[in-house]
Amino acid sequence: KLTGALPAISGASLTGLTAATMPNGTVVQVLQGQNHVAIATTVMNTWFNVTSQAITPQGSSNKVLCTAVVMGIEPGTNTNARLDVGIYRDSTEIHRSLANSWIKSTLNVRDGGFSIQWLDSPSTTSATTYYLKGRWQDGSTCHINKDSNSGYSTLTLQEVRA
């Protein structure tokens, strides 16, 4: 039986638990880049930045799970439009989604958004920046984050111990 007051425990009492000693599969850190500023482009076939986030992995064998969400898309006046989306590690493309297309009526139709994920192996403990980029495949204007008060694009990075 315990009787009396128990001593207070502080975080300083928890020793020996570091990112390097966590079991494999543990999420070591989570970071998120956000952009709620409206983007409009008429340039076709050229990659442009949607948002980005830097991370310094704590282990060279760790993985980085990239989850990207693009919001508030409007294809302008064209009836068939496509927005390619890619995830880049620094200047290297590591994943691309080409399935983001829609057919537009004469009304201004906005897509609520879509997401893509990629598990990357950066093999470094140096600071690394990930980018969410878009590439418009249409001659009219593409809008992203069209309603900046109700939605924004994000790039979430989760470092996973491996």
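Which backbone oxygen does the side chain of Asn35 reach? The side chain of Asn35 reaches the backbone oxygen of Val50, at 2.7 Å; a polar contact is a pair of N or O atoms within 3.5 Å, and within protein one must be able to donate a hydrogen and the other to accept it, while residues adjacent in sequence count only if both atoms are side-chain atoms. The model is predicted, with local features needing pLDDT of at least 70 and side-chain atom pairs pLDDT 80 or more, while totals for chains, interfaces and linings use all residues. Residues are numbered from 1 along each chain as its sequence is written, and side-chain values use heavy atoms, without hydrogens and water.

**Asn35**
- Asn35 lies in strand β1; strands are DSSP runs of E, at least two residues, numbered from the N terminus.
- Asn35 counts as buried because its relative accessibility is 14%, where buried means under 20% relative accessible area (1.4 Å probe, protein chains only).
- Leaving out residues up to four places away in sequence, Asn35 touches Val50, Thr51, Asn145, Tyr152 and Ser153 (contact means heavy atoms within 4.5 Å).

**Sheet**
- An open antiparallel sheet holds four strands in the order β1-β11-β4-β8; two strands pair if DSSP finds at least two bridges between them.
- Its edge strands, β1 (27–35) and β8 (114–120), each pair on one side only.
- β1 and β11 (residues 153–160) run antiparallel and are joined by eight bridges.
- Gly33 has Leu155 in β11 as its bridge partner.

Definitions and conventions: Buried < 20%, exposed > 50% of the residue type's maximum accessible area, 1.4 Å probe, protein only.
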